[in-house]
Amino acid sequence: MLAEVRGLNEECGVFGIWGHEDAAQITYYGLQSLQHRGQEGAGIVATDGKHLHGVKGEGLVTEVFTQKKVQELPGFGAIGHVRYTTAGGGGYENVQPLLFHSQSGSLALAHNGNLINATSLKHQLEGQGSIFQTTSDTEVLAHLIRRGGFGTMKDQVKHALSMLKGAYAFLIMTEHELMVALDPNGLRPLSIGQLGEAFCVASETCAFDIVGAKFIRDVEPGELLIINKDGVRSERFSMATNQSICTMEYVYFSRPDSDIHGINVHSARKRSGIQLAKEMNIEADVVTGVPDSSISAAIGFAEATGIPYEMGLIKNRYVGRTFIQPSQSLREQGVKMKLSPVRGVVEGKRVVMVDDSIVRGTTSRRIVKMLKDAGALEVHVCITSPPIKNPCYYGIDTSTREELISASHSVEELRQAIGADSLTFLSVEGLIEAIGHEKQNSHCGQCLACFTGEYPTEILPDTMHPHDKELMC
Ligand code: SF4
């Protein structure tokens, strides 16, 4: 049960297109640009108006798809998915899009997010005779749609969505239309664009740039878009909305060339570096950022302090990400493989190391050691987000509260644990200011729950790790 619940968590990317003769090929390129959101599985389902055809597999987009495999997916509509899986939730059957066939037609689903009531809905559905093929929370939606009774497909989808709680950006495709839904809190980013006469949707706007599409707008919380031969229609499946975009999308997850709710991710990160510099005093010789996600912030920090920015750490390309890997030893091995210090830059210097976040502390400890082994006199760790003290239940595997090092360590204890000469975190207020929704008069609210513990939705007991339940009691 525990493994199943924990295994449902994922951070993923979705791409879809409707009305283009090379739909699968374009989806392939779209998925490549979203590869940073998930490297453990990829899939595409396409429709030719009569049938849905799908190809999926474990690994990177380029590992799953050959040119021949993409050509096996004819049609004018397609949806694709890249998947990040936590321990216990992997396996071919959980790779998306999920594809279902029934007498009334076929259905493909791609999901970014996490349903916090998936376990109880699954129990209910199994009690009514449903048999699940996967351990993914996404499959719950397919069963709810098919049990939706009378009415049009759109009515069934709306009814099914109204039963879900948590974070979801869903692409739902039949032979004849593509539906796009975003949860009432709009926790995960999702945008719509146009490519000639065709419409595309993507987790991040960087996918539009790659395929040559024009950004139209962000999908709104509680919105259901129906895209078919008649064009795009916008409807609501929920009026009780409260926009709470995930702040970590700006801090870490999204690509710097993406815009989320009108704010460029690189610019937000750069401002977070500037803001952190305002909140502290430091004397040092060089500033370096942990590649790739912290380089923008390090540039901002260097600009604001006047300390020169240097490339003190180099990323070894073509190895996967380390944010969270299944075991301590694998994580440590991952860090070793991925980063190298530039001795000529850091030797004999007082180094400011800018990073976006500390989750378990393992990565920071190793990088500090790496810089010191390369001759750095001092290493000052500057984090452009507040301490992560609370788990995420919305599709980001920030683990249990027990494993989050800031949940149990003071800043000084953590400084000692990672071996840094100083450690500074950006304040919550500073992060909000840096991202800048208020400045641009946007009414876009932000989820900050992993820093503050204030979750934008109710948190159901079946979502939590038992240890966290005890802490909540
Ligand atoms: S809890 Fe943190 S990681 Fe999860 S959605 Fe909220 S801000 Fe994002």
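# Reading one predicted model against its definitions

Trainee: Which residues does Ile383 touch, leaving out those up to four places away in sequence?

Mentor: Ile383 touches Leu276, Asp355, Asp356, Ser357, Ile358, Leu423, Thr424, Phe425 and Leu426 once residues up to four places away in sequence are left out, where a contact means heavy atoms within 4.5 Å. The model is predicted, with local features needing pLDDT of at least 70 and side-chain atom pairs counting only at pLDDT 80 or more, whereas totals for chains, interfaces and linings use all residues. Residues are numbered from 1 along each chain as its sequence is written, and side-chain values use heavy atoms, with hydrogens and water left out.

Trainee: Why does Ile383 count as buried, and in which strand is its place?

Mentor: Buried means under 20% relative accessible area, exposed means over 50%, and partly exposed lies in between, with a 1.4 Å probe and protein chains only. Ile383 has 0% relative accessibility and therefore counts as buried. Its place is in strand β21, residues 378-383, strands being DSSP runs of E with at least two residues and helices runs of H or I with at least four, numbered from the N terminus. The C-alpha atoms of Ile383 and Ser294 are separated by 9.1 Å, although these residues are 89 apart along the chain.

Trainee: Why is Leu339 called buried, and what does Leu339 touch?

Mentor: Leu339 has a relative accessible area of 9%, so it is buried. Leu339 lies in strand β19, residues 339-341, and, not counting residues up to four places away in sequence, it touches Val290, Pro291, Ile314, Lys315, Asn316, Ile367 and Met370. From C-alpha to C-alpha, Leu339 and Asn316 are 5.9 Å apart in space, while 23 residues apart in sequence.

Trainee: Why are Glu63 and Asp209 called exposed?

Mentor: Glu63, in helix α3 (residues 61-64), has a relative accessible area of 55% and is therefore exposed. Asp209, in helix α8 (residues 206-211), has a relative accessible area of 52%, so it is exposed as well. The C-alpha atoms of Asp209 and Asp257, 48 residues apart along the chain, are separated by 9.1 Å.

Trainee: What makes helix α6 mostly covered?

Mentor: Seven of the eight residues of α6 (residues 139-146) are buried, namely Glu139, Val140, Leu141, Ala142, His143, Leu144 and Ile145. These buried residues pack against β5 (98-102), β6 (105-115), α5 (118-127), α7 (153-161) and β7 (166-173). For the protein as a whole, with its 19 helices and 23 strands, 60% of the 473 residues count as buried.

Trainee: Which residues are around the ligand, and where does the ligand sit?

Mentor: Taking residues with a heavy atom within 4 Å of the molecule, the residues around the ligand are Cys246, Thr247, Met248, Cys392, Tyr394, Ile396, Cys447, Ala449 and Cys450. Helices α9 (247-253) and α18 (449-452) are the elements that give two or more residues to this shell. The ligand sits in the second largest cavity; a cavity is a set of points on a 1 Å grid over the protein atoms alone where a 1.4 Å probe fits but cannot get out, and sitting there requires more than half of the molecule's atoms within 2 Å of its grid points.

Trainee: How many residues of each class does the shell around the ligand have, and why do Cys447 and Cys450 count as buried?

Mentor: The shell has eight nonpolar, one polar and no charged residues, where Ala, Val, Leu, Ile, Met, Phe, Trp, Tyr, Cys and Pro count as nonpolar, Asp, Glu, Lys and Arg as charged, and the others, Gly among them, as polar. Cys447 has 11% relative accessibility and so counts as buried, and Cys450, at 11%, therefore counts as buried too.

Trainee: How many disulfides does the structure hold?

Mentor: The structure holds zero disulfides, a disulfide being a pair of cysteine sulfur atoms within 2.5 Å.

Trainee: What is the phi of His261, and which kind of peptide bond joins Gln96 to Pro97?

Mentor: Most residues other than glycine have a negative phi, and most peptide bonds are trans. His261, which is not a glycine, has a positive phi of about 50°, and its 16% relative accessibility is why it counts as buried. His261 is found in the loop between β15 (259-260) and β16 (263-264). The peptide bond from Gln96 to Pro97 is cis, with omega near 0°, and Pro97 is in the loop between β4 (77-83) and β5. The bond from Pro291 to Asp292 is cis, with omega near -10°.

Key
1 Å grid on protein atoms, 1.4 Å probe; cavity = no way out; pocket = protein on both sides within 12 Å on 5 of 7 lines; lining within 4 Å.
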